[in-house]
Amino acid sequence: MKINSVATRLVLFACAIIISLVAPNASAAADTPHPIPTEAIDGVFADIDRSSPGYAVGIIQNGQMAFARGYGLANLEDRVPITPDTVFHLASLSKQFTAAAIALLILDHKLSLDDPVARYIPETAKYGPDLLIKHLVYMTSGLHEYFDVPRPGGLPWYSAYRFTRDDALAAALSPPSLEFAPGAKWAYSNTNYMLLTKIVEKISGLPFAHFMHDRVFAPLGMDASLIDDDTTLVIPHRAIGYTSRSGKVLDELAKVNIRAQNAGGFIRLDRNSPHFGGSGAFSSIADLAKWDANWYAQRLAGPGFTGLMNKRIKFQHDKDNDSFGLVFGKYDGEQTIWYAGDDIDSSTYMIRFPARRLTVIVLSNDPLGDSEERTMKILEALHAAGIVS
């Protein structure tokens with residue numbers, strides 16, 4: 001029972017993750033849903049104890065939380081347990097929120113997918129007039145991924161050295177030419193979504209974090225959600241990142257000049273670089289249930305918003321299952337919408353079955369926690385219970 005997906009390239013301290021899938025066709029789910037197999041889901045996390053980082057799990061049916069539970073600790077120092085209200089860094093799940101801002105501006109008639117990027121970002125004019133907003137949204141721009149370009153000063157990107165969104169964009173836009181003509185190929189790149197946040201700021205006149213609060217989080221009652229553009233912020237109920245203090249992890253840290261003791265147990269991993277767009281959104285299972293419910297209630301900007309978020313476009317390349325920060329896919333032949341993320345402090349996964357109005361979300365504060373694999377095991381339990389095909 002596996003979903004068709006593009007293999008993810010997990011870079012432990014990067015904020016990118018390759019993903020593919022998804023789309024909606026929201027027919028109503030069964031009037032009498034099968035009960036959630038609670039014991040079977042608990043069994044998926046039986047290896048998580050009260051002294052380790054862990055997971056928050058949410059299963060949403062017909063816009064209601066059918067299952068919400070935490071496993072492990074959000075803060076090992078103070079032994080704070082993970083709950084459905086624990087706030088996690090969403091990593092690449094953030095992209096759908098960046099795309100939502102673009103969708104809202106399109107509905108406001110302030111932006112078009114066919115607008116040239118150089119209209120809003122003059123630094124991109126050197127790449128010619130054919131680089132359009134849609135090429136950013138659909139990962140087919142030809143722009144360089146920032147961490148593939150040497151960082152000014154020779155510092156490593158993924159380490160204790162802080163960098164901002166604008167630092168990353170300055171590096172990404174430094175090459176004189178694109179990697180390929182816009183629309184010719186598909187290439188996952190956080191640079192695309194970082195640029196989208198700059199465009200939102202240029203049009204709205206607001207910092208991206210404020211725009212998202214005013215136009216998305218507040219209207220949907222997502223009171224625990226935010227864009228982390230300031231890593232000095234105190235985020236209530238935040239899950240701190242930890243992973244096993246293994247030799248492999250210590251070796252990876254050493255490559256970016258972080259020396260850690262080989263003492264066993266867990267190592268703390270903090271998000272210290274306030275970049276956003278491709279990552280940087282924080283939320284909880286409880287808040288993401290409100291986001292998911294909007295797919296059917298369409299409270300936020302009506303059906304036009306949902307329609308844009310699910311919009312697919314055909315380019316010159318073969319990959320046509322992307323939408324607005326989401327991907328269309330199949331699970332045993334049934335249509336799904338999903339995305340995944342991994343960053344220095346988290347591993348995240350979210351999959352929606354539109355025809356069933358069913359969504360499964362798994363968030364972890366262990367960047368090597370492989371939330372996608374745990375989700376697949378949950379889907380096996382739901383399959384055995386007759387909830388998914």
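**Strands and cores in the predicted model**

Strands E11 (residues 334-343) and E12 pair in the antiparallel sense, with 7 bridges between them. Here, helices (H or I, at least four residues) and strands (E, at least two) are DSSP runs, numbered from the N terminus, and two strands count as paired if DSSP finds at least two bridges between them. This is a predicted model, so to speak of local features takes a pLDDT of at least 70 and side-chain atom pairs count only at pLDDT 80 or more, while totals for chains, interfaces and linings use all residues. Residues are numbered from 1 along each chain as its sequence is written, and side-chain values use heavy atoms, with hydrogens and water left out.

Back to the pair itself: a hairpin with 2 residues links E11 to E12, and Ile337 has Arg352 in E12 as its bridge partner. On its other pairing, E12 runs antiparallel to strand E13 (residues 358-364), again through 7 bridges. Ile351 sits opposite Val360 in E13. The hairpin of E12 and E13 has 4 residues between the strands, and Arg357 there takes a positive phi near 50 degrees.

How covered is E12? Buried means under 20% relative accessible area, with exposed being over 50% and partly exposed in between (1.4 Å probe, protein chains only). In strand E12 (residues 346-353), 8 of the 8 residues are buried, so the strand is largely enclosed by the rest of the structure. Ser346, Thr348, Met350 and Arg352 point one way, Ser347, Tyr349, Ile351 and Phe353 point the other, and all are buried.

Strand E1 (residues 55-61) is mostly covered too, with 7 of its 7 residues buried. E1 joins E13 in an antiparallel pairing of 7 bridges, where Ala56 stands opposite Leu363. E1 also pairs with strand E2 (residues 64-71), antiparallel and over 7 bridges. Their hairpin has 2 residues between the strands, and Asn62 in the turn has a positive phi of about 50 degrees.

Then there are the nonpolar cores, meaning sets of buried Ala, Val, Leu, Ile, Met, Phe, Trp, Tyr and Cys residues joined through side-chain atoms within 4.5 Å. The largest one has 80 residues, and Phe97, Trp291 and Phe324 touch the most other members. Helix H2 (residues 95-107) gives this core its largest share, 9 residues. Apart from it lies another core of 25 residues, including Ile48, Val57, Leu382 and Val388.
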